[in-house]
Amino acid sequence: MTFTATPIFGSEFQESASRFAKDAEHEISSLHTSDQKRQFREKKWKECIELGWAACLIPENAGGLGGTLLDFCALLEGTATHALPLPLGTGMGLPAILLEPLNIKDKSSLLSSMADGSIHIQLIYQPLDPFLKQMSHEMTLNITQQGNLQILSGKVAGVECIPDASHFLLCCPNHEGTPSLWLIPRDDINLTVSHEIRIDSRDSISLSFDAQPLKNQWCIAAGPDFSKAYDRMFNYGALFACVEAVSSMACALEQTIRYLSERQQFGVTLSTFQVLRHYIADVYAKYESIRAFVSAFTRKVNDTGEAPNRDLSLLKLYLSQVGPKLAHTVIQVHGGMGMTEELWATRLNKRILMTNLEFGDGQFHAERAHQEIAKAD
């Protein structure tokens, strides 16, 4: 019983990202305190920017690499093979995707600054996230009108932390309830920030604003055009979560099969136990199915530039069924050691489980897929 994970988006991007993540995994294993690990993640984030990853999806005429969706997914795939705890999707991919279709002032200059790393964008998409608005009780962020000023107040939680962010890219309803996009310099506002560590070892922050005045020039987009761009970005975010999950699944499955082929009990290797072989065969078949789904769908989106709601929701729904099943099986066949942080498969499992909650869980996407199918009929 053997299995070797093969890349979905094999390229130099994937290979270099995989090497980078593997080296980072070796380094972080020797760190023990939360401060040491946070400093390490900040250092690695700067190295990612120096490698040009932030410029991947930014057009060449704006100082970027002009890479394709497949190029960026290759980066995600490479880092996910070792569960690198850095927010590539929300920190480098989604801001560029959100801004791409918008007609905003000084857009080329903004993208160029993002590409060279002189601006670090902290994307705050949660106030408009239809899934989180249903689930979160810590989502009270709102904009009100007081005289001639628009005032930002409230709290948003569960934001993936971008190290050393210089600007907030805030997606939030304005005082009229219209979806709007704000580019806010971090140094020009006062707020309270609290840090948490998610189960997949990524940094998460909660932001609290207390009657913060907003300058009119910070609002860079609003209305139907922005709403359409936001919905597109939301779907891309869900797709990125699926790419990372499937990449992590492949490596978790490879490690588990290697463990069963090497570990002995009662004088024979575990891989000879029929019940364990059945467990692995079951999740392997499910993995191959979702791998093919992700590969075909991503290539279609790459060609068309659109991620249809129905197809994306069906993909995310299938992930919600396959991901936990594979993670549970990996833990079960490893026994007690499957619960230890030191085990590579355990860290991969945590990332797989976390992707199920990013940009809508299975129930949310089941309902959305049903609505889309009913609409088509």
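Just after helix H5, Gly 117 takes a positive phi of about 85°. The model is a predicted one, in which local features need pLDDT of at least 70, side-chain atom pairs count only at pLDDT 80 or more, and totals for chains, interfaces and linings use all residues. Residues are numbered from 1 along each chain as its sequence is written, and side-chain values use heavy atoms, with hydrogens and water left out. Helices (H or I, at least four residues) and strands (E, at least two) are DSSP runs, numbered from the N terminus.

H5 itself covers residues 107-116, and its buried residues (under 20% relative accessible area, 1.4 Å probe, protein chains only; exposed is over 50%, partly exposed in between) are Lys 107, Leu 110, Leu 111, Ser 113, Met 114 and Ala 115. These pack against H4, strand S1 (121-124) and strand S5 (179-185).

H4 (residues 88-99) also has helix H3 (residues 69-80) alongside: the two axes come within 11 Å and cross at roughly 175°. Axes here are lines fitted to C-alpha atoms, for helices over the stretch in contact, and angles run from 0 to 180 degrees between N-to-C directions. In terms of contacts (heavy atoms within 4.5 Å), Phe 72, Leu 75, Leu 76 and Thr 79 of H3 meet Leu 88, Gly 89, Met 92 and Gly 93 of H4. Sorted by class, that makes five nonpolar, three polar and no charged residues; Ala, Val, Leu, Ile, Met, Phe, Trp, Tyr, Cys and Pro count as nonpolar, Asp, Glu, Lys and Arg as charged, and the others, Gly among them, as polar.

A cavity is a set of points, on a 1 Å grid over the protein atoms alone, where a 1.4 Å probe fits but cannot get out, and its lining residues have an atom within 4 Å of a point.

Around it sit Arg 41, Pro 85, Leu 86, Pro 87, Glu 160, Cys 161, Pro 163, Arg 202 and Asp 203. The class count for this lining is five nonpolar, no polar and four charged residues.

Back to backbone angles. Most residues other than glycine have a negative phi. Ala 83, not a glycine, has a positive phi of about 50°; it is found in the loop between H3 and H4 and counts as buried at 15% relative accessibility. Phe 359 also has a positive phi, of about 60°, without being a glycine. This Phe 359 lies in the loop between helix H10 (344-355) and helix H11 (362-376) and is buried, with a relative accessible area of 5%.

Finally, Asn 235 is found in helix H7 (residues 224-262) and is buried, at 2% relative accessible area. Leaving aside neighbours within four places in sequence, Asn 235 is in contact with Ala 307, Pro 308, Asn 309, Leu 312 and Arg 368.

Technical notes
1 Å grid on protein atoms, 1.4 Å probe; cavity = no way out; pocket = protein on both sides within 12 Å on 5 of 7 lines; lining within 4 Å.
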